[in-house]
Amino acid sequence: AALWKTWKPDFPFFRVFLVLSITGWLVLNYCGPDRLVARYNVSLYQRDPSAVIDLEYLTNSLSYDVLEVLETLPPDSGPEDGKSLETLLRDRRQQARWDAADWRTWSLSAAQAIAGK
């Protein structure tokens, strides 16, 4: 759009840029980047036996969308010195219940995590 503006001075750059920006932002949010990050990490962990997966980061730092992906891991894939995978998932679902109980923190992601979807 900026390049087109240099060739055509009457081109409505800001309107086009605003529409493209909002469209790009909506597409990025719709594709679920947290789920993509978790899916990539889980597939890498399952393909490579020497790979290490950071379950603390995946369960606590990302949205509730990752819980469904993390459930595909074997139960013994948790860290040896930390909590088990089941415990991390259970704690995260409990946090989703707290978030979905109040209208100020409710999200579709939290509601789906409670339902197990």
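Guide: Glutamate 71 is partly exposed, at 40% relative accessible area (buried is under 20%, exposed over 50%, partly exposed in between, with a 1.4 Å probe and protein chains only). Keep in mind that this is a predicted model, where local features need pLDDT of at least 70 and side-chain atom pairs count only at pLDDT 80 or more, while totals for chains, interfaces and linings use all residues. Residues are numbered from 1 along each chain as its sequence is written, and side-chain values use heavy atoms, leaving out hydrogens and water.

Now, the partner: glutamate 71 pairs with arginine 93 in a salt bridge, with 2.1 Å between the closest N and O atoms (the cut-off is a side-chain nitrogen of Lys or Arg within 4 Å of a carboxyl oxygen of Asp or Glu). Glutamate 71 sits in the loop between α5 and α6 and arginine 93 in helix α6, so the bridge ties together parts 22 residues apart in sequence. (Helices are DSSP runs of H or I, at least four residues, and strands are runs of E, at least two, numbered from the N terminus.) Arginine 93 itself is buried, at 13%.

A search of the whole structure turns up 3 salt bridges. Another one joins aspartate 65 and arginine 35, at 3.8 Å from N to O. Aspartate 65 is in the loop between α4 and α5 and arginine 35 in helix α3, so this pair links parts 30 residues apart in sequence. Arginine 35 is partly exposed, at 28%.

Then there's arginine 104 with aspartate 102, where the closest N and O atoms are 2.9 Å apart. Arginine 104 is exposed at 63%, while aspartate 102 is partly exposed at 23%.
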